[in-house]
Amino acid sequence: MFDKFAILEFHDIRIFNLFPAGYFRVGNPPPERCVLIDESSYQQWRELKLERYPSSVEEICVDIGGLSRLSDAERAAIIASCGRSNMAIYRCRDKRVDRVAIRTFASCFGLQRTDKHLCANDDGVSELSVASEGTRTGYVPYSNRSLSWHTDGYYNDSAHQVRAVVLHCASIPASGGENALLDSDIAYIRLRDEDPRYITAFEHPECLTIPANRDESGEIRPAVSGPVFSYDRPDGRIHMRFSARRKNISWRDDDLTRAARDCLADILADKDGPVFHYQLQPGEGLISNNVLHNRTAFEDSTEHRRLLYRARFFDLIGSS
């Protein structure tokens, strides 16, 4: 019955006491069951995670035939990279791409349930390019401005959290548009190393609130509150919901949350830290369990216009 590994924590948020946490074999406990985990088990998981974590971005790059030409060995290599760092950069020899190919590729990893957000097409795939008209002009991903650190779908409610993302480059801009990437597990470890109470602060159910999205017609989406760190059942994997944006965001107003935010900002800004930097080239893509990422500003030209395809999923990258 004990066939799954899990990270599970129980924090009494009413009195803000941190109970020991860890990583051990569990079955499938009912949602209401509290599971206490010992510190030594967590340390074992932490040691293994850091030992296996890639030391350079090249270690997460995998060459494949194409989005619709994926061999068993190529699929296994991508899954192995995701097992180490929750992400992989794939490089297609066949650079042909369309929205159907994106969905076909994603399905090879068990990604089926798309987040059909406001700016996505009916199939859940969106084209990231500079929008000159329509709804997309109001949102930064469809501009050439920089994007601050975030995980995708941080404004979604708890029932529609984005677990995985496929981001595929069709064409690059004349300049700029580089991504920075960090596995959320590593952010969790770094924060907990600094002060375990930072994890407690980021688990509070009202830690991070995104105000309602409204336009002249009324409310598009209600306000959404939730934690930064939560845990998927039954396996207890760490899920992170975060945005470093400064406007239209509300953080829980207490000293510990502010200290946790400052610590995370330092981790993300550390030039000698675990952050990867990479600019996708045509035919390359990123598949991830919704890792932390950002984007630098960019400039298009007549000959070079940035176009990326993006699909967001409620599923995690699967190995079966």
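Analyst: A salt bridge here is a side-chain nitrogen of Lys or Arg within 4 Å of a carboxyl oxygen of Asp or Glu. The model is a predicted one, and by this rule it holds 21 salt bridges.

Take Glu59 and Arg84, which form a salt bridge with their closest N and O atoms 2.9 Å apart. This pair links distant parts of the chain, 25 residues apart: Glu59 is in the loop between helix 1 (39-52) and strand 5 (61-64), while Arg84 is in helix 2 (residues 72-85). Glu59 is partly exposed, at 34% relative accessible area. Arg84 is also partly exposed, at 24%.

Helix 2 also holds Glu74. Glu74 forms a salt bridge with Arg93, and the closest N and O atoms are 3.1 Å apart. Because Arg93 lies in the loop between strand 6 (87-92) and helix 3 (99-107), the pair ties together parts that are 19 residues apart in sequence. Glu74 is buried, with a relative accessible area of 11%, whereas Arg93 is exposed, with 56%.

A further salt bridge joins Asp123 to Arg99, with 2.9 Å between the closest N and O atoms. Asp123 sits in the loop between helix 3 and strand 7 (125-128) and Arg99 in helix 3, so parts 24 residues apart in sequence are tied together. Asp123 is partly exposed, with a relative accessible area of 21%, and Arg99 is partly exposed, with 29%.

Salt bridges can also share partners: in this way Asp115, Asp152, Arg310 and Arg312 are joined into one network.

Conventions: Residues are numbered from 1 along each chain as its sequence is written. This is a predicted model: local features need pLDDT of at least 70, side-chain atom pairs count only at pLDDT 80 or more; totals for chains, interfaces and linings use all residues. Side-chain values use heavy atoms; hydrogens and water are left out. Helices (H or I, at least four residues) and strands (E, at least two) are DSSP runs, numbered from the N terminus. Buried means under 20% relative accessible area, exposed over 50%, partly exposed in between (1.4 Å probe, protein chains only).
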